[in-house]
Every structure is written in C-alpha cells, then in structure tokens.
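Q: Got a model here that I'd like to go through. Can we start with a side chain and then move on to a helix?

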Amino acid sequence: MREVDRRSKHSRRTFLKGAAAAAPAAAIATGIPLGIEDAWADGSTTLAPGTMKTLVKVARDIYPHDFLVDSYYITAVKPWDGKAAKDPAVKAMIEDGVKRLDQDAQDRHKLPYAQVAWESDRVAMLQGIEQTAFFKALRGDLVVSLYNQEAVWPKFGYEGSSAEHGGYIHRGFDDINWLPKV
C-alpha cells in the first residue's frame, strides 16, 4: 500500500511556480491566444485545429486524470483526424458533435466549449449529448487509445506484460504489503 505524505508542500518556491502559471491562464481567460502549446493541432490535415483542441478537452473530461498531461490525450485523439480523412461520415459526425458542444457552451456560458473554465460545467454539457453517436464513438475509442499507450501504464501502476518475465506468479503476484504476513 502506498504511503501518502500529508505534510504541507507549500513554500515560496511553489507559490512562485503557481504565480508563473497564473499569467498564461489569465491570458487564456481574457481571450489572448498563446498558441505555442496548441501548435500540435495545426498539424491536422482534415479536422480544424479548433476541433482537435475541443476533442482533447472532451477526452480529458470523459476520462479525467489530473496526473496525466495533455500529451497523452493528444496522442489518443490524433487518429480521429485520419479517420475523418478516410470517411466523410466520420468527419461530419465529429464536426457536428463539436459544433453542438460549442453551441451549448455559447448558450450557457458565452464561450466555446474548450474555453469553459469549470470541469463540472463541461461535464454537464457532455451529459446532454451522451446518447449521441458522436459521444459514444469518442468514448468507446478513447478507452482503448488512451489506456493502451505504454507510456501511460506506469502512471497507473501497470508494469506491462509479464509473459516474457516468467508470468505474474514470479512478477507482481504477491508483492502487496497491506495484508499481514502469515
């Protein structure tokens, strides 16, 4: 079992790091485009960069993990650009789904979906479309494309395949430490 250190982690250094992160966040909130962290979306060939950014935000809202950085979600969402290039019906489904989310966000918050600040507000909008083909297809694909990345496995404590190491009987089967030794 993992021991959690409950001591305060606040210091002058962490305060300054937070203050440095607040400036870009304030720039986003005021509508000033930063662009550098969203440059990956410009590489899409079929879907608009704004659509790709929204898909990443939707992916993060469907499968929220605070300890995962956006690069894992970007990797999970990028194949949708290729799928949209191959099938016009997929492209229409994605674009219509993102347009609906953006319209719902405009109606409720006067912002596009990707710029709505509170996760709970975005989740409420997702609950409104959870029966659509767009949501079902995205959720079904993300469960594989997000969690099947080898770089993500250590974040969840999965060490990977054990067959080449003699199986789980010799690798991880009895390494729990929260039960008393008998």
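Q: Leaving aside neighbours within four places in sequence, which residues is Asp-61 in contact with?
A: Tyr-113, Glu-119, Arg-122, Val-123 and Leu-126, where contact means heavy atoms within 4.5 Å. This is a predicted model: local features need pLDDT of at least 70, side-chain atom pairs count only at pLDDT 80 or more, and totals for chains, interfaces and linings use all residues. Residues are numbered from 1 along each chain as its sequence is written, and side-chain values use heavy atoms, with hydrogens and water left out.

Q: Is Asp-61 buried or exposed?
A: Asp-61 counts as buried because its relative accessibility is 6%. Buried means under 20% relative accessible area, exposed over 50%, partly exposed in between (1.4 Å probe, protein chains only).

Q: What does its side chain pair with?
A: The side chain of Asp-61 makes a polar contact of 2.7 Å with that of Arg-122. A polar contact is a pair of N or O atoms within 3.5 Å; within protein, one must be able to donate a hydrogen and the other to accept it, and residues adjacent in sequence count only if both atoms are side-chain atoms.

Q: Switching to H5. Which of its residues are buried?
A: Val-90, Ile-94, Gly-97, Val-98, Leu-101 and Ala-105. Seen down the axis, they fall within an arc of 90 degrees, so they line one face of H5. The arc is taken from the directions from the helix axis to the C-beta atoms.

Q: And what's on the face turned away from that buried side?
A: The exposed residues Pro-88, Ala-89 and Lys-99.

Key:
Helices (H or I, at least four residues) and strands (E, at least two) are DSSP runs, numbered from the N terminus.
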